[in-house]
Amino acid sequence: MALDPTTLRSYSWFNGKEYYNFSRRANVRALGISREAFHGKPVIGICNSFSELNNCNAHLRQVAEAVKRGVWAAGGCPMEFPVISLGEQYMKPTTMLFRNLMAMDVEECIRANPLDGVVLLSGCDKTTPAMLMGAASADIPAMILTGGPTLSGNYQGKVIGQGTDGRKIFDLYRMGKVSPEELQEIEGCMVRSFGHCTVMGTASTMAIVAEALGMSIPGSAAVPAPDSRRLAMAEMCGRRMVEMVAEDLRPSKILTRQAFENAITVDMAVGGSTNAVVHLLAVAGRTPHKLVLDDFDTISRRTPFLVNVRPSGQHMMEDFFYAGGVPAVMRELLPLLHCDALTVNGKSVGDNVGGADCFNHDVIRKFEAPIFAEGGTVVLRGNLCPDGAVLKQTAASPELCEHTGPAYVFENYQQMHDTIDSMDLPIDKDTVLVMKGCGPKGAPGMPEWGHIPMPKVLMERGVTDCVRISDARMSGTSFGTVVLHVSPESHIGGPLAVVETGDLVTLSVAERKLHLHLSDEEITRRLSTLQPAKPHYTRGYGKLFLDHVTQAHLGCDFDFLQAE
Ligand code: FES
């Protein structure tokens with residue numbers, strides 16, 4: 001398609017009779033780019049979340065170089081720019097505190113600069129949703145290219161994955177069954193390359209979600225980070241973005257209600273991270289197509305769980321890629337998908353995945369032979385979570401999914417952390433562990449503290465799981481019968497705040513119920529005795545966050561960033 005340069009968004013920056021048009025051209029030349037190479041060409045931004053403080057994204061400069069090759073080859077002019085990077089491993093108190101900051105960084109960098117299209121390079125958990133949110137709000141032609149999962153870990157011939165297996169190994173170390181020397185050796189075997197976690201954690205889930213939304217090139221999500229095909233994919237993204245500019249293919253044409261339903265369906269079928277719920281609510285909130293928690297439960301009930309990858313299954317993301325990746329899953333799911341939904345390659349979902357092959361049906365099950373009849377995540381309701389809560393049923397113990405037991409309450413994370421290994425904890429296998437103060441405002445930032453470690457006193461008795469409830473999130477790599485995202489959170493007076501040790505709690509996944517066995521009057525009486533907590537921040541970004549973050553069931557975006 002021939003491109004009229006005067007229609008480009010960047011045209012007004014570089015063309016005209018003003019001094020600044022001249023001086024901007026001079027500053028492109030300052031990069032050593034000739035006039036012939038950029039004049040009248042679409043400027044393609046490469047929005048890079050590379051950082052050495054985020055090993056998951058540490059290879060993205062190399063990926064950016066490949067994108068540039070594609071942009072040049074297609075007749076565009078690439079301009080790489082940095083945005084903040086959110087690395088799960090290092091940032092305190094939690095990257096989630098900064099997801100919205102990154103989304104603002106992405107949105108405003110795109111809006112303020114002479115860009116006609118943008119390829120967004122993400123990887124670690126929050127970087128993909130932040131880029132989706134920013135791109136949706138900026139709404140110029142955009143696509144996501146994730147950095148891919150690491151190679152599978154391997155220790156003494158056994159495949160291990162960061163998070164899922166790491167936690168199990170660390171529990172054995174806490175029990176004295178793995179020595180400090182062994183632990184040190186495992187450190188060097190578990191994360192064998194750059195790239196994001198190689199189980200179905202949040203990063204893998206959000207990469208898959210981006211592809212299912214139509215915001216990534218089909219087949220791109222699962223390519224391992226060190227695989228040469230990821231760079232070839234990057235080159236293809238650069239070329240395609242130049243075409244997308246000519247087609248004016250913006251996120252607003254891709255992020256439709258149908259696209260969000262497709263993304264939830266695929267998320268449920270892969271046993272995706274519970275974090276995808278919060279992130280998809282937030283991305284959809286940047287568009288006119290708002291989602292609510294019940295959308296997830298409705299789709300979960302009709303979607304079979306098909307993908308046998310840890311923590312809900314046995315394999316790794318590398319195996320998922322070799323089995324056919326996202327297109328192979330979507331082909332199985334075609335009866336449940338909106339096949340007409342448009343994607344960044346300019347084709348519909350049906351066209352993209354209709355002929356996709358699956359090379360290993362143990363990893364990607366057939367639609368009619370699922371691992372489990374329903375999707376990974378369920379939404380719970382009840383007097384303990386009036387605005388909802390979530391649980392990953394595919395990573396839970398079936399015998400605990402229908403359970404009533406007495407609560408043992410941790411008033412906050414610190415108390416839990418300091419006492420969880422006490423052999424005097426008055427608990428048994430029926431106890432329901434309840435932790436307060438871990439929500440968006442309470443923690444603050446809703447950290448991934450919800451996977452309360454199994455208490456040592458229970459592990460000594462051979463108990464490997466118990467019901468755990470909090471207003472926190474949980475790493476997508478975690479597992480167990482863990483109720484998360486209780487909303488409203490305890491810090492702002494949600495009913496979770498009044499649970500006392502000994503109160504009976506019922507979890508029923510079949511009935512989607514989370515019930516505190518107290519009368520409404522008693523809950524109201526206890527709530528009336530609560531003292532307002534002191535805010536964690538009184539200035540700066542922290543204050544902005546506390547003043548404007550929404551609750552988990554609304555996606556934890558800032559209220560003023562949502563679409564009208
Ligand atoms: Fe970055 Fe897991 S730590 S994806």
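Reply: A definition is needed before the discussion begins: contact means heavy atoms within 4.5 Å. The model under discussion is predicted.

Me: Which elements are included in what covers the buried residues of helix α2?
Reply: Helix α2 spans residues 19–29, and its buried residues are Asn21, Ser23 and Val28. What covers these buried residues includes α1 (11–14), α3 (35–38) and β2 (77–82).

Me: Is Ser204 buried or exposed?
Reply: Ser204 belongs to helix α9, residues 202–213. Buried means under 20% relative accessible area. Because its relative accessibility is 1%, Ser204 counts as buried.

Me: Which backbone oxygen lies 2.7 Å from a polar atom of the side chain of Ser204?
Reply: Leaving aside neighbours within four places in sequence, Ser204 is in contact with His196, Cys197, Val199 and Met317. Among these residues, the backbone oxygen at 2.7 Å from a polar side-chain atom of Ser204 is that of Val199.

Me: Which residues have the most contacts inside the largest nonpolar core?
Reply: The largest nonpolar core has 123 residues. Apart from it lies another core, of 27 residues, among them Leu384, Val432, Val434 and Val486. Inside the largest core, the residues with the most contacts are Leu120, Leu213 and Phe320.

Me: Which residues does Phe320 touch, not counting those up to four places away in sequence?
Reply: Phe320 is one of the residues with the most contacts inside the largest nonpolar core. With residues up to four places away in sequence set aside, Phe320 touches Ile208, Ala222, Val307, Val309, Gly325, Val326, Val329, Val363 and Ile364.

Me: How many residues of strand β4 are buried?
Reply: Strand β4 covers residues 142–146 and is joined to the parallel strand β3 (residues 117–122) by five bridges; Val118 has Ala142 as its bridge partner. On one side of β4, Ala142, Ile144 and Thr146 are buried, as are Met143 and Leu145 on the other. The number of buried residues is therefore, under the criterion of less than 20% relative accessible area, five of five.

Me: Which are the edge strands of the open sheet of eight strands?
Reply: The sheet has mixed pairing and the order β7-β8-β12-β11-β10-β9-β13-β14. An edge strand here pairs on one side only, and the two are β7 and β14 (513–516).

Me: Which residue in β10 stands opposite Ala407?
Reply: Strand β9 (residues 402–410) and strand β10 (residues 432–435) pair in the parallel sense over four bridges. Opposite Ala407, the residue in β10 is Val432.

Me: At about what angle does α14 run to β7?
Reply: In α14 (residues 293–302), the buried residues are Leu293, Asp295, Phe296, Asp297, Ile299 and Ser300. These pack against α12 (257–270), α13 (275–285), β7 (377–380) and β8 (389–392). Helix α14 lies across β7 and β8, and its angle to β7 is about 130°.

Technical notes:
Residues numbered from 1 in each chain as written. Predicted model: local features only at pLDDT ≥ 70, side-chain atom pairs only at ≥ 80, totals over all residues. Heavy atoms only, no water. Buried < 20%, exposed > 50% of the residue type's maximum accessible area, 1.4 Å probe, protein only. Polar contact = N/O pair within 3.5 Å; in protein donor to acceptor, adjacent residues only side chain to side chain. Core = buried A, V, L, I, M, F, W, Y, C linked by side-chain atoms within 4.5 Å. Pairing = 2+ DSSP bridges. Axes fitted to C-alpha atoms, helices over the stretch in contact; angles between N-to-C directions.
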